[in-house]
Amino acid sequence: MRGKRTTLVHLIYFSRLSLSSEPQLRTSQIGDITRQAQKKNEFSVITSFLMIDQNFAAQVIEGERTLVHETFNRITEDQRHRDVLICEWREIPKREFVSSFKVVVRGGASEAQFAKANLMPAFQRGTPKASAILALASALQTDAMSKQGIDHLFI
Ligand SMILES: Cc1cc2nc3c(=O)[nH]c(=O)nc-3n(C[C@H](O)[C@H](O)[C@H](O)COP(=O)(O)O)c2cc1C
């Protein structure tokens, strides 16, 4: 039997955002990133989940190995963040995320999940665990989906 032609991987990284501290401008900067990322990720069949906690960003990117690699190379060069560090990069049996690009900013409805995950001390030390980032992203996605009445699809 011949092997698979494509390999599904996920890449988890975190970084320090260099966005505006002015809330309106910051929201529009996040909107710009979202539009660019959504378009590119759809084209590359990438699924991803980005979390923003104060000035830290953490993102899970899933897809075909070379496409994830290409996407991450672009992301690392983006001046809107710095100190981009990979936490984990490995083959996965299946995708966990459903959107080409979803971003959740800490606060309001997401506050409880971010507080529970308590990633900030590890971000500040520079040692967040991939499993903790993945667990938070997954919990935030589950919350977002159940709010839309979708909690029966991915069991
Ligand atoms: C925190 C953060 C997350 C991003 N996530 C993605 C992503 O998932 N996919 C993507 O194509 N671009 C993402 N981008 C944007 C890329 O860095 C880049 O600006 C975009 O892909 C356009 O690249 P180009 O100008 O070379 O065409 C992200 C940027 C930041 C700051």
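Student: How far apart do the end C-alpha atoms of residues 8-104 lie?
Tutor: In this predicted model, local features need pLDDT of at least 70 and side-chain atom pairs pLDDT 80 or more, while totals for chains, interfaces and linings use all residues. Residues are numbered from 1 along each chain as its sequence is written. The span 8-104, to which an unreviewed UniProt entry assigns "domain: BLUF" (such annotations may be inferred rather than shown by experiment), is 35% helix and 41% strand. Its end C-alpha atoms are separated by 24 Å.

Student: In which order do the 5 strands form the open sheet?
Tutor: Strands (DSSP E runs of at least two residues; helices are H or I runs of at least four) pair here in a mixed manner, pairing requiring at least two DSSP bridges. β4 (81-91) and β5 (102-105) each have a single partner strand, so one side of each lacks a neighbour in the sheet. The order is β4-β1-β3-β2-β5.

Student: Which residue of β4 is the bridge partner of F14?
Tutor: Strand β1 (residues 8-17) runs antiparallel to β4, and 8 bridges join them. Within β4, F14 is bridged to L85.

Student: Which element supplies the largest share of the shell around the ligand?
Tutor: The ligand is surrounded by 17 residues, each with its C-beta atom, placed from the backbone, within 6 Å; the closest are A37, K40, A57, D78 and R80. At least two shell residues come from each of α1 (23-44), β2 (47-53), β3 (56-64) and α2 (65-76). The largest share, 5 residues, comes from α1.
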